[in-house]
Amino acid sequence: MLGPLSRRARGLSRCRRSGTALAATAVLELSVALTGSSAPAAAAPPPYHPSRLAHLGDARQAIVVTASSWSATTATLRTYRRAADGTWREEFAPAAARLGYQGFAPIGNRRQNSLETPAGTFRLLRAFGALPDPGTRMSYRQFDRNDWWPYDPRDPRTYNVYQFSRPPAARWRTSWAERLWDFRDQYAHAVVLDYNLPSGIYRSGKQRLARQTPDTRAGGGIFLHVSAPHPTAGCVSVSLSAMRQIVRWLDPAAQARIVMAPTSAIGRA
């Protein structure tokens, strides 16, 4: 049983504890007053987030490819969809990607046979592949042994123009062209990027020609395709499973874009 002195000491102890609590509360209130909020500030989105990219326009689908430097040959590919409220949400898990043997090059500096992947923002136009259409909403062509993609500067009208065959009268040389069948593993599925493409494609006999020719110095055939165990000649590549997933996801109505550059420059690409 406690005596009078013990009860008084206990009361003083409670007062001291109450005083300490009041002091702590005062310090917290002062901190809130100075900072304006008791909640931590929201973290800024990373530089590769679509909300921070400059040239997406009205796109509602975006593929973003970032690398650690201009000379890097590996990268990370991320996919995003713009929701009805205008916010961007990541669609699939990030995928490992490969770039050209010489890494990235600013779009205006990229040259044919440089083995560089052009940095920039590009539309994703159509798809093709050695395998059947996996269920894409894009235009898709399953190629055979006759399909070519020429880059011969001496024939600008077929430069960077998909050819369904090579007729005897063709001027472009096979040594300046890709026979797609020879790369059917990498081109199991592929998507064409709007890089240095001609306009006004028309047929003349068995050839497809351009009314407005591209820059024959800049190279072409820049695709998103399936990875091999080495860098690319200037494209971007991912695993077959990731490629199939992307091809099935892309929707022409969503005005899809791909943005690719080193992380340090992705906001300007």
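**A tour from hairpin to pocket**

Start by selecting Gly-205: it sits in the hairpin of β11 and β12, where two residues lie between the strands, and its phi is positive, near 65°. This is a predicted model, in which local features need pLDDT of at least 70, side-chain atom pairs count only at pLDDT 80 or more, and totals for chains, interfaces and linings use all residues. Residues are numbered from 1 along each chain as its sequence is written, and side-chain values use heavy atoms, with hydrogens and water left out.

Now colour β11 (residues 199–204) and β12 (residues 207–212). They run antiparallel and are joined by five bridges. Pick out Arg-203 and look across to β12: its bridge partner is Arg-208. Helices (H or I, at least four residues) and strands (E, at least two) are DSSP runs, numbered from the N terminus. Two strands pair if DSSP finds at least two bridges between them.

Zoom out for a moment. The chain has two helices and 15 strands.

Select β1 (residues 61–67). Is it buried or exposed? Seven of its seven residues are buried. Buried means under 20% relative accessible area, exposed means over 50%, and partly exposed is in between (1.4 Å probe, protein chains only). Show the side chains. Gln-61, Ile-63, Val-65 and Ala-67 point one way, Ala-62, Val-64 and Thr-66 point the other way, and all are buried.

Six bridges join it to β1, and the two run antiparallel. Gln-61 stands opposite Arg-81. Six residues lie between β1 and β2 in this hairpin.

Find Val-64 in the view: its bridge partner in β15 is Val-259.

Go back to β2. β2 and β3 form a hairpin with five residues between them, and Gly-86 in the turn has a positive phi of about 90°.

**Into the core**

A nonpolar core is a set of buried Ala, Val, Leu, Ile, Met, Phe, Trp, Tyr and Cys residues joined through side-chain atoms within 4.5 Å. The largest one has 48 residues. Which members touch the most others? They are Ile-63, Val-65, Leu-124, Val-191, Leu-224, Leu-250 and Met-260.

Centre on Leu-250. Leave aside its neighbours within four places in sequence, and it is in contact (heavy atoms within 4.5 Å) with Gln-61, Ile-63, Leu-124, Thr-136, Arg-137, Met-138, Val-191 and Ala-256. Apart from this core lies another, of 14 residues, among them Phe-143, Trp-149, Leu-180 and Cys-235.

In soluble globular proteins, nonpolar side chains tend to be buried together. In this chain of 269 residues, 43% are buried.

**Two pockets**

Switch to a surface view. On a 1 Å grid over the protein atoms alone, a pocket is an open set of points where a 1.4 Å probe fits, with protein on both sides within 12 Å along at least five of seven lines; lining residues have an atom within 4 Å of a point. Grid points are joined across faces, edges and corners, and a volume is the space filled by probe spheres set on the points.

The largest pocket holds about 500 Å³ of space. It is lined by 25 residues, and the closest to its centre are Tyr-151, Glu-178, Tyr-187, Ala-233 and Gly-234. The lining has 12 nonpolar, 11 polar and two charged residues. Ala, Val, Leu, Ile, Met, Phe, Trp, Tyr, Cys and Pro count as nonpolar, Asp, Glu, Lys and Arg as charged, and the others, Gly among them, as polar.

The second largest pocket has a volume of about 240 Å³. Of its 16 lining residues, select the closest to its centre: Arg-126, Trp-149, Tyr-162, Val-192 and Arg-208. Arg-208 is the β12 residue that partners Arg-203. β6 gives the most to this lining, with three residues.

**Last stop: a loop**

Finish at Asn-113, in the loop between β5 (104–106) and β6. Its phi is positive, about 65°, although it is not a glycine. Asn-113 is exposed, with a relative accessible area of 62%.
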